[in-house]
Amino acid sequence: MNDLIEGFRLVGQMDVLIAILASSIYGLVVGSLPGLSATMATALLVPVTFYLSPIAAVATIISASAMAIFSGDIPGCLLRIPGTPASAAYTDEAYAMTRKGQAELALGTGLWFSAVGGIVGTLSLVIMAPLLAEVALNFSSYEYFWLAVLGLMCATLVARSSPVKAIASMLLGLLVSCIGMENPAGAPRFTFGMADLLGGIEPLPALVGVFALSEVMRALATFDPPPLPRRKFGSIMAGQWKLTKQYQWPMWRGNVIGIIIGVLPGAGADMAAWVSYAMSKRFSKTPEKFGTGHPEGLVEAGASNNASLASGWVPALLFGIPGDTITAIAIGVLYMKGLNPGPTLFTERASSMYALYIIFILANIIMIPLGIIMIRLAAHVLRAPRASIMPIILMLCAVGAFATGNNMFSVLLVGFFGVVGYVMERNGYPVAALVLGIVMGSMVEQSFVTSLIKSDNSLLPFIDRPISSVLAAITAGALLWPVGAWLLRRRARNRPTLQRPA
Amino acid sequence: MQLSDRVTGAFLVALGGFSVYGASLQPGVPGQDVGPSVFPTIIGLGLVGCGALILLRVGHSFEAPEDVIPPAAGEAVPQPPRFAELRAFIPPLLLVFYTLVADWLGFLPTAATMVLVVALALGASWRLALPLAVLAPLGIATIFMKLLRVPLPDGLLPLPW
Amino acid sequence: MSPFSRRTLLGAGAGLAVAPLAAPALAQPRYPVRPLQLICPWGAGGGTDATARIVAALLEKELGQPVNVVNRTGGSGVVGHAALASANPDGYSIGIITVEIAMMHWQGLTELTHANYTPLGLVNRDAPGVQVSASSPYKDIKALAEGIKASPPGRLKASGTGQGGIWHLALVGWLQAMGLKPDHVRWVPSNGAAPGMQDLVAGGIDIVPCSIPEARAMLDAGRARSLAIMSPQRDPQFPDIPTLKESLGVDYQTAVWRGIGAPLKLPAEHAALLTGALEKVYKSDQYSEFMKARGFGMDWADGAGFGRVMAETDAAMGVAMKAAGLAKT
């Protein structure tokens, strides 16, 4: 109890509060700029943390990353450019809502459920940290293989078009992920002698290309759509309570999945969003509405990516294993500030731990007022004529891609993937599946190859380890589910026809 | 660019074949029985399979029609502009232009050119396009160079502040 | 090419054309007169990035001019290293050079070698430790060495970086020094040391030869043990870990290092000034506090010394990589 009071005292200091506020605003702005991910926002903060007290330093990272993950939804919703990869899973859905004139509902959903997810994730961090970390620590490459396969199977679930084309798109993405030498063999593949391709294709320029640049291209190929009715931007939070009650179940499922994925090392907010969005569609009562501007998936995935953010700190704090790229940076800062990760952090420096929890909660609470202001400012985008928005988006594509590595090659990649995304979409190939393949590809190969090396080419450990057997069963179930459902539907359809002749 | 399933399917078959061929050129790696060629080979074969299915138009029935928002009653359906398909390739070409000249010309003039071209192509008046071409690059450069320290090329015309 | 260099060239050109007579009046101002850029070939957030940023922050104080860290990522480090080598040698472009420069050209990934740079100073060196899980039957390095020799080739597994990465080569070098085949212990590629350490604790692999700071969290948590360090002396930060030589009698040592360099043909007086400033940075309290906090190893060498370190590493890496079949002939 004393530790808790001490924790409040640590957070209540002026420099910490200012750090939280300033880094929140910073995170909101950076996250909403296309091409600048939450990871990048955090990395750019590291030099600033040199000059801060330990708690203030950690506070800047927590608040900036939480805000950036939420505000990545804003350009995704308004312009179809995901601000961060974590928003990519439901960008199309949110954009469809905007076109239906429900931008405020979509953004409010993102904001409200991000905050809920963040807070639930934090509570899980508080309650289950030691337990969850123990489970995650037993994950070996066998388990990661199944996780990655499950992730890839989301490709066909998120698509609304022909499953064959969805799988083809996903395979294209996997092929892209083969490029470079970041594969288990360390052998350069498909690089055509270009040094820029050695490191492989970064997901961010690809994302910006297929989502944002292709949108600019489409704008040039079509006439001005009828202008959106000039109406007052409605209340952002209105209707959120109704959604919360209506989609209570998806919300909790999103939270739980986000927490689980966040705890797993290496799997972060973007994967949480993908899996949750796919789950949401699978278990929805109205799956046919997905993709047409339906808030249900947004509720689940929006909660999920923010929940994963908090739980990603569990392995980071306990074992110094990053749950995602953001916590990888955070671990560096923790060491630098003498808050060395490890079980002792929870016992000997409990007050610092409480302070950390309090900062998480605080950041997710002030996210709501700050987020509303941000949305109000960003909403002006909707009223501006297309001829003034599209050129700016094009420049943001170029600059955002360049900023990922200060490399002109990324700008070319955006152009390339813009063309790929544009052509694919015109021909009914879902681009989301492509992106999924690019993001997950290396994990599938890495986990498969390393598993075989470790097991001396035996396939047995893929199914006889306790956790991997469960994951294998889930994968098999998910594979067989559509087949079974199809058979059932067929039987149901055939029965009446059989009865008719009589 | 609307192509028939025949064309895209054939392209996928060719791409799959290429990746299988490319994978077969990979040397083995000591200590790894599953070498760097296995994964691209599987993907390549998958692409060939999917491409063939698409060629034969399997699964076509699942495809949802393109999600066009139906025009409201009494609204004129606009015709697509002339050369619509070709115009779509202006943005990627502008990005190539950017990578070629930005280092030498600098971010501000390059960006201004690009903004101007896209704005005019979208039918903006000169009164809108010109101020936009001046102000938008300045704003973007300020945010990215000054606040985020992204080293955008100065070239002939560095940021005035 | 750096934006700064181009501006200087233009400025110089304009100056020459317009006022050749006024040139003596414009006495050469003291270098540096404008901000420097420090190229980092690795992404923001990593250990190299953190080192580059602390060096830049402290160098700024010494030089009186801002030093901006520019991450030039891509190509597994090739792009950034190439950007530094081809930058204008006017003293306004410097960069952090990492051990990969001694490895990439052997793999045929680039033509660049250490000979393409003007070395300015070594600022960090970390030797790998030999880590095993806390539940491992091998309690000390002798037992582990016996165990390795007794086991059939390929039975034991090690991990900690990608195929052909620095820790893989450390393992290869150590096995060779013990008179074993380079693939006697099988290498399991991983995305860095952290996943390797996790897999060690999860029981998937047997050995992780990564640097001790990378293993520190697991060591502190009592989940893993470090049996020996591959360096000439014990690390003052981890005095309980014996060296390979004293505990096993095998004289093998290797390390990762980071240093600051500049393109070739850097004027000698600029190089001397930068090396002097770097030495002050290295000796500052803030720098040692930072390095200690991150657990990074401290080591200093001036320009010539750093050049020797790079050349020695280059030769050693060539031997190890050829032995492991990783080098392109």
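Let's start where chain A meets chain C: 47 residues of chain A and 42 residues of chain C make up the contact, two residues being in contact if their C-beta atoms, placed from the backbone, lie within 7 Å. On the chain A side, helix 3 (38-49), helix 10 (195-198), helix 17 (325-336) and helix 23 (431-454) each bring at least two residues; helices here are DSSP runs of H or I with at least four residues, strands are runs of E with at least two, and both are numbered from the N terminus. That side of chain A has 26 nonpolar, 18 polar and three charged residues. Nonpolar covers Ala, Val, Leu, Ile, Met, Phe, Trp, Tyr, Cys and Pro, charged covers Asp, Glu, Lys and Arg, and the others, Gly among them, are polar.

This is a predicted model, with local features needing pLDDT of at least 70 and side-chain atom pairs pLDDT 80 or more, while totals for chains, interfaces and linings use all residues. Residues are numbered from 1 along each chain as its sequence is written, and chains are lettered from A and ligands numbered from 1 in the order in which they are written.

Now for chain B against chain A: 66 residues come from chain B and 61 residues from chain A. Helix 2 of chain B gives the most to its side, nine residues. By class, the chain B side splits into 47 nonpolar, 14 polar and five charged.

Finally, chain C itself, with its 11 helices and 10 strands. Its C-alpha atoms fill a box of roughly 80 × 45 × 30 Å along the principal axes. Residues 24 or more positions apart account for 75% of its contacts with a separation of 6 or more.
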